[in-house]
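I opened this entry to get my bearings in a structure that is new to me. My notes follow in the order I looked things up.

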2 protein chains.
Amino acid sequence: MTNLDKIFNPKTIAVIGASDRPGSVGNALLENLINSDYHGTVYPVNIKRSHIHAIKAFKTVKDIGEKIDLAIIATPAPGVPQIIKECGEAGVSGAVIISAGFIETGQGGEKLWAEILKTIKKYKIRVVGPNCLGFIKPSLHLNASFASQMALPGKISFISQSGALCTSILDWSIKNNVGFSNFISIGSMIDMDFADLIDYFGQDKKTDSILIYMESLQNARKFLAAARRFSRTKPILVLKAGRSNEGAQAAKSHTGAMAGNDAVFDAAFARAGIVRVGTILDLFHSAKALAMQPQPKNNRLAIITNAGGPGVLAIDSLKYHQGQVAHLSKNTIAKLDKILPPAWSRSNPVDILGDADSVRYQKSIKAVLADKNVDAILTILTPQAMTDPTEVAKKLVALPKKSGKTLLASWMGGEQVARGRQILEKGNIPIYRTPEDAISSFANIYQYSKNQELLNETPGATPHAFKPKTKENKKILAAVVKEGRLVLTEAEAKLMLANYDIPTIESHLAKTAQEAVKQAQKIGFPVVMKILSPDLTHKTDCGGLIIDIKSEEEAKAAFPNIVNSVRKHLPKADIRGVLVEPMIKKKYELMIGCKKDSIFGPAILFGMGGVAVEIFKDTTIGLPPLNMALAMRMIKETKIYKLLKGYRNMPRVDIASIQFLLYKFSYLVSDFPEIKEIDINPFAVDEYGGIALDSKIILDKKVIDKPIKPYSHLVISPTFK
Amino acid sequence: MTNLDKIFNPKTIAVIGASDRPGSVGNALLENLINSDYHGTVYPVNIKRSHIHAIKAFKTVKDIGEKIDLAIIATPAPGVPQIIKECGEAGVSGAVIISAGFIETGQGGEKLWAEILKTIKKYKIRVVGPNCLGFIKPSLHLNASFASQMALPGKISFISQSGALCTSILDWSIKNNVGFSNFISIGSMIDMDFADLIDYFGQDKKTDSILIYMESLQNARKFLAAARRFSRTKPILVLKAGRSNEGAQAAKSHTGAMAGNDAVFDAAFARAGIVRVGTILDLFHSAKALAMQPQPKNNRLAIITNAGGPGVLAIDSLKYHQGQVAHLSKNTIAKLDKILPPAWSRSNPVDILGDADSVRYQKSIKAVLADKNVDAILTILTPQAMTDPTEVAKKLVALPKKSGKTLLASWMGGEQVARGRQILEKGNIPIYRTPEDAISSFANIYQYSKNQELLNETPGATPHAFKPKTKENKKILAAVVKEGRLVLTEAEAKLMLANYDIPTIESHLAKTAQEAVKQAQKIGFPVVMKILSPDLTHKTDCGGLIIDIKSEEEAKAAFPNIVNSVRKHLPKADIRGVLVEPMIKKKYELMIGCKKDSIFGPAILFGMGGVAVEIFKDTTIGLPPLNMALAMRMIKETKIYKLLKGYRNMPRVDIASIQFLLYKFSYLVSDFPEIKEIDINPFAVDEYGGIALDSKIILDKKVIDKPIKPYSHLVISPTFK
């Protein structure tokens with residue numbers, strides 16, 4: 001952290017690769033530093049020059065003879081390792097490596113990368129970059145980048161993984177009067193990553209919110225922990241590229257990093273209290289609202305407008321974003337009846353009519369602000385003969401701030417409303433071109449409030465103590481590995497579940513048709529019979545499963561049918577017999593699974609089972625470990641929840657048992673990093689409880705070959721449990 | 001049409017209620033007309049004045065002594081009927097009634113409305129309004145509105161149901177260089193409605209596209225017919241407010257008109273070739289693209305960018321809008337390999353790197369334009385040291401137009417890209433602030449191409465001739481009505497289906513438990529038994545249905561169980577016995593229903609049956625009559641289609657039978673406007689065909705009391721069949 005402060009609050013800066021050649025990066029860097037009000041000393045470093053722009057230049061950083069806080073390096077990649085070494089020897093605290101040509105270019109670059117990494121560890125130099133634009137800190141008038149403009153001062157810290165996007169956003173922000181406390185192009189992150197910066201900005205009093213443009217993520221758990229710490233008190237908004245598979249593919253080819261499953265990002269961001277936004281404009285529109293206004297306590301929005309149509313569009317947009325149309329109290333309606341002409345809408349949206357003047361706006365807003373049912377107000381104005389956009393803006397800005405409610409505005413039009421817009425922006429009322437933009441921001445900032453609830457949720461109590469037989473499962477896995485297998489049989493998989501207190505169906509192995517009949521008689525008809533083989537992961541597809549077997553004859557016939565059918569499909573399958581099980585008829589079939597995500601590790605998938613998984617995709621994702629509250633959130637996120645909680649004349653199923661199932665399952669996948677993929681499908685459930693009817697476990701060869709610690713030690717936050 | 005032309009191409013205009021009082025509407029109207037380059041004569045009319053602004057004023061329109069093409073009326077509502085009468089007597093061709101205070105204010109206003117309606121019919125005066133802003137025709141320099149600005153000339157005709165929105169959009173359009181052929185505030189539509197204007201603009205050579213802001217719709221079929229005619233050659237884009245229930249409610253209270261079901265609007269718009277857009281900006285962004293560029297033939301988009309990040313965001317947005325990421329041909333890749341530095345992305349998005357100059361942009365775009373796999377190109381530019389935004393814009397504009405492909409651009413930033421933006425806009429390349437905005441427009445204009453396919457689709461042949469027994473059904477309905485019922489029994493409903501060649505399950509009535517057993521034996525176990533009563537529409541909810549009855553004993557017990565259970569729930573139910581049916585097990589249960597929409601009449605709902613209807617809402621809506629092609633579209637719009645067409649090891653079901661079912665069903669609901677609500681749920685289907693297992697029909701008291709013609713005469717377009 002001390003070194004970070006040296007980077008972002010430097011007293012002395014060396015520009016290595018400084019130049020006065022017009023159009024060169026080295027020139028842009030130097031000029032940005034010296035042609036500004038930055039109060040510190042800048043030393044050009046260039047092996048070939050004695051002075052640049054009439055400023056004394058040094059051959060190397062070691063020649064400067066003064067302690068350098070920050071070195072900005074813009075020399076060709078091959079020379080950078082040596083320069084970093086010199087920085088280390090000269091006791092430089094931190095560096096920004098602007099140069100590109102390292103990890104993203106293949107073999108040669110990777111070697112340079114490794115050399116730099118070694119050196120900076122040795123000398124404890126903190127590094128931003130490489131392959132970045134640099135950073136800007138407006139409060140210090142410090143433009144340590146080669147961007148040609150200075151950012152405006154403000155309270156947003158912006159971190160971008162794309163340098164090119166930085167230049168666009170910088171240009172845009174100046175035109176739109178959006179200011180920053182820090183503006184950073186983070187590059188390829190050889191050292192300093194999102195998490196480091198989040199932690200650092202968490203201690204920056206000038207930073208009210210963090211905005212991130214992200215293309216890929218390494219050190220996911222570190223990132224989530226940092227984000228979680230920060231978002232307990234201040235918002236982080238992230239625009240992550242690669243939401244679609246095609247986009248993720250493009251991002252991967254662009255950054256060279258793993259893409260990960262985008263839906264897991266959603267789950268992880270929510271868990272860390274991060275607000276994920278959809279578009280570039282959303283990012284900044286929302287930041288504006290966060291910077292200017294108090295957070296909404298709830299999402300009940302009132303709309304005050306001098307035009308009915310835009311009011312309706314605002315409501316449509318609000319519902320699209322799952323907000324609530326505030327229901328005005330009788331008292332408020334009575335107040336408005338006194339203020340407004342008889343033709344007013346008498347409900348929300350509050351249409352104060354086309355001839356509304358500034359006083360009518362002011363009185364109406366005051367009346368609605370006082371309503372307990374209202375958390376936020378969007379004021380819409382269209383230019384009309386009797387409506388002075390500038391005057392209304394002044395009145396809105398002059399309103400007392402004590403309400404603590406969120407105010408947003410949309411002055412719709414061009415030149416006629418331009419002055420009003422400026423007044424609102426200066427008066428800290430976020431202003432949008434259209435009601436839809438305003439509502440989208442409102443939804444995002446409300447999401448932050450909602451995420452905070454989640455961060456502060458009590459974990460909830462389990463129905464009874466949970467004592468998994470971890471050692472028993474270790475034995476099972478050891479035996480499987482010893483056999484040289486990566487796929488568990490259904491019997492083994494079920495045993496692993498049972499050892500973690502997950503109810504599974506009783507299952508009896510039959511090696512002959514006669515044995516099958518006996519087992520079926522013991523269980524009682526109808527029964528289910530299915531193949532037992534570690535070589536089969538989809539039994540149904542090859543005739544390995546027959547249900548609803550009603551009699552001895554049927555059971556007798558089923559045995560050879562199953563075995564022959566599987567033989568036909570997979571002649572070399574290791575068939576270990578046929579499992580005979582009772583035929584369970586429960587109302588709903590759910591599925592619980594877990595796959596390893598390349599970025600976040602194990603990710604739990606839960607939802608409706610059967611074909612619905614693939615057709616309706618009614619599933620949700622959660623990161624282990626789960627507590628009972630988080631498990632409940634997952635359940636509620638599915639559509640099938642509407643049925644599970646009791647629907648029409650169908651009773652509520654035993655939801656606590658599903659919560660507990662998810663809880664136990666999450667510990668199973670955390671405790672055994674050897675598991676690559678695990679599925680319980682179906683998990684049959686009704687009002688009397690749930691039971692796993694089938695299960696599948698596949699092991700991770702990488703982890704078998706080189707064991708790693710259980711994931712349970714990698715909880716997202718120490719305060720999690 | 002002649003009179004319409006008089007209104008929109010007037011040689012003589014009377015301003016009735018003209019005034020010189022600053023701030024008054026009468027003054028704004030007069031000033032807009034006289035302080036412009038409009039070439040025609042304007043006559044102020046004011047009962048109290050001899051001259052206004054030094055122009056001779058007349059007491060009434062009759063005193064002018066010249067034939068008036070257009071009267072603009074801005075007097076208080078109570079005087080308007082008399083003024084309209086005078087207009088009629090003076091032979092005025094058309095009028096714009098600016099005044100408000102008619103149908104939207106209740107009793108008094110409605111009377112005035114009726115009087116005006118009577119007069120304009122008598123004198124054949126065409127009227128725009130009342131309660132509107134007027135209209136603007138830039139090509140004639142004619143501002144026949146009280147908006148304070150003149151629209152720019154262009155090729156878009158804009159029709160807005162909200163006057164207030166007009167002023168905002170007008171102000172915005174001037175700032176954004178968007179021009180119009182006609183700009184109309186349509187008001188409450190006492191006479192001229194959307195359809196009239198669409199037909200009129202269909203003959204206007206200066207109109208390339210129509211944009212509509214709609215809050216409510218009357219004369220739905222007339223509107224759809226006009227829209228369909230227009231959209232065969234030119235696009236109509238509609239922004240309809242009231243997408244959410246809450247928004248529709250707000251629109252209703254705002255306009256006083258029926259709201260209708262928004263999902264039916266979607267179906268109707270698609271049927272008429274209308275592109276529905278989501279936001280105000282979408283409307284104009286898309287219009288810009290349509291006005292400036294050829295329509296894309298398909299939706300394969302290539303992206304050329306000097307920044308990887310925005311390229312990824314563009315791909316994400318493209319996939320969100322269900323577009324295709326163009327797959328570049330090997331030939332194109334080879335060409336680009338020669339043009340670009342080695343580090344280029346080698347796929348779409350084509351990242352031409354941060355140091356791209358204008359020549360690199362130009363060559364890359366040319367290479368990609370020549371690719372047969374590409375229908376459109378989005379060029380993205382971020383301001384970089386080596387990239388001159390203005391120069392790249394010039395090169396893009398100078399490209400030969402012969403490719404016929406769609407070009408879009410996003411110059412991201414503020415001042416640095418401002419000049420480039422202007423050049424692109426002037427050069428007919430639509431330019432957007434962000435890639436997301438560009439993609440959203442691309443999706444909308446592609447939707448127009450896709451809609452045109454639908455308009456030109458061949459109807460498809462039915463599997464065999466369809467000869468419904470219409471007369472038999474008339475008899476059934478007559479008998480039901482005679483009994484004083486509005487609800488048909490299940491048996492009657494099924495018979496009506498059978499008469500329309502819809503396969504229904506055989507059903508046998510039992511009046512006693514003994515009869516039930518006999519019927520079940522005849523059918524063969526297992527059977528289904530259910531209550532027969534016109535008083536029950538939800539059998540399951542009150543124990544009126546038992547399935548999977550396997551034996552005589554079960555059947556015997558089922559009879560009293562059903563009857564008693566229903567009695568308990570509905571003591572006064574008219575129980576006519578119990579139906580005994582075979583237990584059909586087919587793979588999928590679908591539902592087909594029809595309800596009357598308050599705006600569009602019968603609307604057919606089709607999709608997955610069972611609880612899925614309410615949980616997954618996997619349904620789609622179509623307007624009758626349907627041909628085989630339209631029926632297929634409905635089927636394809638559902639998610640269950642993925643299963644129906646054959647999924648994994650499950651065979652494709654008999655989809656032609658579902659198509660034909662929808663076809664026949666659509667004629668049934670068209671032929672019998674007496675039907676208020678009809679449901680087939682479930683319609684069980686598998687690879688061998690489908691069968692209706694249950695049905696419900698409820699009649700429309702209004703139509704029973706006052707019969708109307710079958711809907712089949714109201715097909716959307718005469719060219720439909």
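**A turn after a helix**

I started just behind helix 3 of chain A. There A:Gly91 takes a positive phi of about 75 degrees. I keep in mind that this is a predicted model.

Next I went back into the helix itself. Helix 3 of chain A spans residues 80-89. Which of its residues are buried? I listed A:Val80, A:Ile83, A:Ile84 and A:Cys87. They cover an arc of only 100 degrees around the axis, so they sit on the same side of helix 3 of chain A.

**The sheet in chain B**

I then turned to chain B and looked for strands. I found an open sheet of five strands, in the order 2-1-5-6-7, with parallel pairing. Which strands stand at the edges? They are strand 2 (41-45) and strand 7 (126-128) of chain B. Each has a single partner strand, so one side of each is left without a neighbour in the sheet.

I looked at one pair in detail. Strand 1 of chain B, residues 12-16, pairs with strand 2 of chain B in the parallel sense over five bridges. For B:Ala14, I noted B:Tyr43 as the bridge partner in strand 2 of chain B.

What packs on the sheet here? I found helix 2 of chain B, residues 25-34. This helix touches strand 1, strand 2 and strand 5 (70-73) of chain B. The direction of helix 2 makes about 160 degrees with that of strand 1 of chain B.

**Two copies**

I compared the chains next. Chain A can be laid on chain B with an RMSD of 0.1 Å. That takes a turn of 180 degrees and a shift of 0.0 Å along the axis. The two copies are thus related as by a two-fold rotation axis.

Which residue of chain A comes closest to that axis? I noted A:Phe616, with its C-alpha at 3.7 Å. I also checked the interface. Of the interface residues of chain A, 100% are also interface residues in chain B, so the copies meet through the same surface.

**Confidence**

Last, I read the scores. Chain A averages a pLDDT of 91, and 96% of the residues score at least 70. Over residues 713-721 of chain A the pLDDT is below 50. Beyond near neighbours in sequence, this stretch has 13 contacts in the model. Where pLDDT is low, the predicted coordinates should not be read in detail.

How values were computed
Residues are numbered from 1 along each chain as its sequence is written. Chains are lettered from A and ligands numbered from 1 in the order in which they are written. This is a predicted model: local features need pLDDT of at least 70, side-chain atom pairs count only at pLDDT 80 or more; totals for chains, interfaces and linings use all residues. Copies are superposed by least squares on the C-alpha atoms of residues with pLDDT of at least 70 in both. Two residues are in contact if their C-beta atoms, placed from the backbone, lie within 7 Å. A residue is buried if 20 or more other C-beta atoms lie within 10 Å of its own, exposed if 12 or fewer, and partly exposed in between; C-beta atoms are placed from the backbone. Helices (H or I, at least four residues) and strands (E, at least two) are DSSP runs, numbered from the N terminus. The arc is that of the directions from the helix axis to the C-beta atoms. Two strands pair if DSSP finds at least two bridges between them. Axes are lines fitted to C-alpha atoms, for helices over the stretch in contact, and angles run from 0 to 180 degrees between N-to-C directions. pLDDT is the predictor's confidence in each residue, from 0 to 100.
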